[in-house]
Amino acid sequence: MLLIGMFDSPFVRRVAVTLKLLEMPFEHANWSVGRDFDRIREFNPLGRVPTLVTDDGARLMESGAILDWIDEQAGPERALLPRAGADRRTALNLMAIATGAAEKGVLQLYERVFRPEDKRHAPWLERCHVQMSASLAALDRAVGERGVSQWLVGKRMTQADITAACAFTFLNDALRVAADRVMYASLATLASRCESLPAFQETRLAFHPPAN
């Protein structure tokens, strides 16, 4: 398999972490959506990452669809998303909150990096910040309610934990969302617990926003 995209993307990284946790070997194309846009478009018409090229040549796009396929390949006993019921709904909801937070962080970065300062729309930036912060706070409450020594759903790590950790690490690298150590303390503990695992350490690439 070939995974396309840089690990500083939380969406690429959650796929890479999942593949490593499930011991599914893959090659990594460390391509940037900026520098390697045309190259990526040879595999994905949108030029977006992650893109996964399977062993039989299928091209899968969007991290959610890729993770669904990975779980199918892993089988029900090893899959990292509960198969059905309340646990599945809870996990999917937490994943949506985490990816939403990451997306709002990306939008803030794009506004600051790609727009001249006099062209930036402050109300839009503030709206994205509010949405991101509220999502992180919701994840933090979910971790706190479970207990920081527990996983978010059930008794083992699921895709909810992976996605929450990848999103939080990215946002903390890029926007310093946890500059105040009290803020998101429970979520930070979960992320630290995940980041200590080899699958996370092997895919760690800190995001450094370009200078304005």
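The following legends describe close-up views of a predicted model.

**Figure 1. An aromatic pair formed by W31 and F43.**
One aromatic pair is found in a search of the whole structure. The ring centres of W31 and F43 lie 5.9 Å apart with the planes at 45°, so the pair is classed as tilted. This pair connects distant parts of the chain, its two residues being 12 residues apart. W31 belongs to the loop between β2 (27–29) and α2 (37–41), whereas F43 belongs to the loop between α2 and β3 (51–53). Both W31 and F43 are buried.

**Figure 2. The charged end of R193 over the ring of W151.**
This view shows R193 together with W151. The charged end of R193 is placed over the W151 ring, at 3.7 Å from the ring centre.

**Figure 3. A salt bridge between K20 and E202.**
Side chains of opposite charge can pair when their charged atoms come close. Six salt bridges are present in the structure, and one of them joins K20 to E202. The closest N and O atoms of K20 and E202 are 3.3 Å apart. The two residues come from distant parts of the chain, 182 residues apart: K20 lies in helix α1 (residues 10–21), and E202 lies in the segment after α8 (198–201). K20 has a relative accessible area of 30%, which makes this residue partly exposed.

**Figure 4. A salt bridge between D173 and R204.**
In this salt bridge, 2.7 Å separates the closest N and O atoms of D173 and R204. Distant parts of the chain are again linked, with D173 in helix α6 (residues 159–175) and R204 in the segment after α8, 31 residues apart. D173 is buried, its relative accessible area being 15%. R204 is partly exposed, with a relative accessibility of 38%.

**Figure 5. A salt bridge between R35 and D36.**
The side chains of R35 and D36 meet in a salt bridge with an N to O distance of 3.2 Å. The relative accessibility of D36 is 10%, and this residue therefore counts as buried. R35, in contrast, counts as exposed, at 59% relative accessibility.

**Figure 6. The second largest pocket and its lining.**
The second largest pocket contains about 230 Å³ of space. Its lining is made up of 15 residues, and those closest to the centre of the pocket are L67, D68, D71, L81 and R88. Helices α3 (63–74) and α4 (85–114) each contribute at least two residues to this lining. The most is given by α3, with five residues. By residue type, the lining of this pocket comprises six nonpolar, three polar and six charged residues.

**Figure 7. The second largest cavity and its lining.**
Rolling a probe the size of a water molecule over the atoms shows where empty space is left. Two cavities of 30 Å³ or more are counted in the model. The second largest cavity holds about 40 Å³ of space. The residues lining this cavity are P10, F11, R14, A98, T99, A102, T163, C166 and A167. At least two of the lining residues are supplied by each of α1, α4 and α6. Six residues of the cavity lining are nonpolar, two are polar and one is charged.

Definitions and conventions:
Residues are numbered from 1 along each chain as its sequence is written. This is a predicted model: local features need pLDDT of at least 70, side-chain atom pairs count only at pLDDT 80 or more; totals for chains, interfaces and linings use all residues. Side-chain values use heavy atoms; hydrogens and water are left out. Rings of Phe, Tyr and Trp (its six-membered ring) pair if their centres lie within 6.5 Å; planes under 30 degrees apart count as stacked, over 60 as edge-to-face and the rest as tilted. Helices (H or I, at least four residues) and strands (E, at least two) are DSSP runs, numbered from the N terminus. Buried means under 20% relative accessible area, exposed over 50%, partly exposed in between (1.4 Å probe, protein chains only). A charge sits over a ring if NZ of Lys or CZ of Arg is within 6 Å of the ring centre and within 35 degrees of the ring normal. A salt bridge is a side-chain nitrogen of Lys or Arg within 4 Å of a carboxyl oxygen of Asp or Glu. On a 1 Å grid over the protein atoms alone, a cavity is a set of points where a 1.4 Å probe fits but cannot get out, and a pocket is an open set with protein on both sides within 12 Å along at least five of seven lines; lining residues have an atom within 4 Å of a point. Grid points are joined across faces, edges and corners, and a volume is the space filled by probe spheres set on the points. Ala, Val, Leu, Ile, Met, Phe, Trp, Tyr, Cys and Pro count as nonpolar, Asp, Glu, Lys and Arg as charged, and the others, Gly among them, as polar.
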